[in-house]
Amino acid sequence: MMHMTFYWSNKVTLLIDSWKTHSWLGYILTLIACLIVALFYQFLENRRIRLKLFAAGRDFPQEIQTPLLRRKLVGNRAKAGVKVAGALLFGLSSAIGYLLMLAVMSFNGGVFIAIVVGLAIGYFFFRSDGEDSVVVDSSCACA
């Protein structure tokens with residue numbers, strides 16, 4: 001049965017029918033997986049923002065300077081490669097964002113908390129270093 005309100009239980013079906021938890025161990029491992037995927041989502045967004053700044057030739061904010069990264073792209077092939085990499089990162093980030101949204105829509109309270117905590121921790125470690133001054137289109141409305 002699909003829940004339409006938040007519920008608290010260690011029995012949850014997440015994303016696909018074969019991902020069901022029946023014990024506390026399975027439930028805790030599922031929550032850890034949700035937390036890790038949310039962290040990874042923030043990491044990908046960080047990489048995408050840095051790539052976009054690099055491709056635009058703009059200076060990085062002082063807080064996220066990377067000394068070994070070249071500042072200028074030479075040639076059309078290099079620019080095309082950066083655009084392809086940016087598109088791949090955008091697609092992967094979007095897919096993960098929507099999967100996280102669908103996981104939250106399981107309406108399990110623990111899954112919701114694990115994803116929100118994972119996004120917050122990921123933001124703290126990967127995205128809070130001066131990137132607030134950079135305006136970048138968001139790949140997903142859920143984060």
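Why does Ile-32 count as partly exposed? The relative accessibility of Ile-32 is 43%, and partly exposed covers the range between buried, under 20% relative accessible area, and exposed, over 50% (1.4 Å probe, protein chains only). The views below come from a predicted model, in which local features need pLDDT of at least 70, side-chain atom pairs count only at pLDDT 80 or more, and totals for chains, interfaces and linings use all residues. Residues are numbered from 1 along each chain as its sequence is written, and side-chain values use heavy atoms, with hydrogens and water left out.

**View 1. Ile-32 in helix H1.** Ile-32 lies in helix H1; helices are DSSP runs (H or I, at least four residues), numbered from the N terminus. Between Ile-32 and Val-111 there are 9.2 Å in space, C-alpha to C-alpha, although the two are 79 residues apart in sequence.

**View 2. The length and end of H1.** The end C-alpha atoms of H1 are 48 Å apart, which agrees with the 48 Å that its 33 residues should span at 1.5 Å a residue; the expected span is 1.5 Å times one less than the number of residues. Gly-57, with a positive phi near 75°, follows H1.

**View 3. The crossing of H1 and H3.** The axes of H1 (residues 24-56) and H3 (residues 109-127) cross at roughly 35° and come within 7 Å. Axes are lines fitted to C-alpha atoms, for helices over the stretch in contact, and angles run from 0 to 180 degrees between N-to-C directions. This crossing of H1 and H3 is right-handed, meaning that the near helix is turned clockwise from the far one by less than a right angle.

**View 4. The largest nonpolar core.** A nonpolar core is a set of buried Ala, Val, Leu, Ile, Met, Phe, Trp, Tyr and Cys residues joined through side-chain atoms within 4.5 Å. The largest one has 20 residues, and Cys-34, Leu-100, Val-111, Ile-115 and Leu-119 have the most contacts inside it. H1, helix H2 (76-104) and H3 each supply at least two residues of this core, and H1 gives the largest share, eight residues. Leu-100 touches Cys-34, Val-37, Ala-38, Tyr-41, Ile-115 and Leu-119, not counting residues up to four places away in sequence.

View 5. Leu-15, in the segment before H1, has a positive phi near 70° although it is not a glycine. Phe-107, in the loop between H2 and H3, is also not a glycine and has a positive phi of about 65°.

Key:
Contact = heavy atoms within 4.5 Å.
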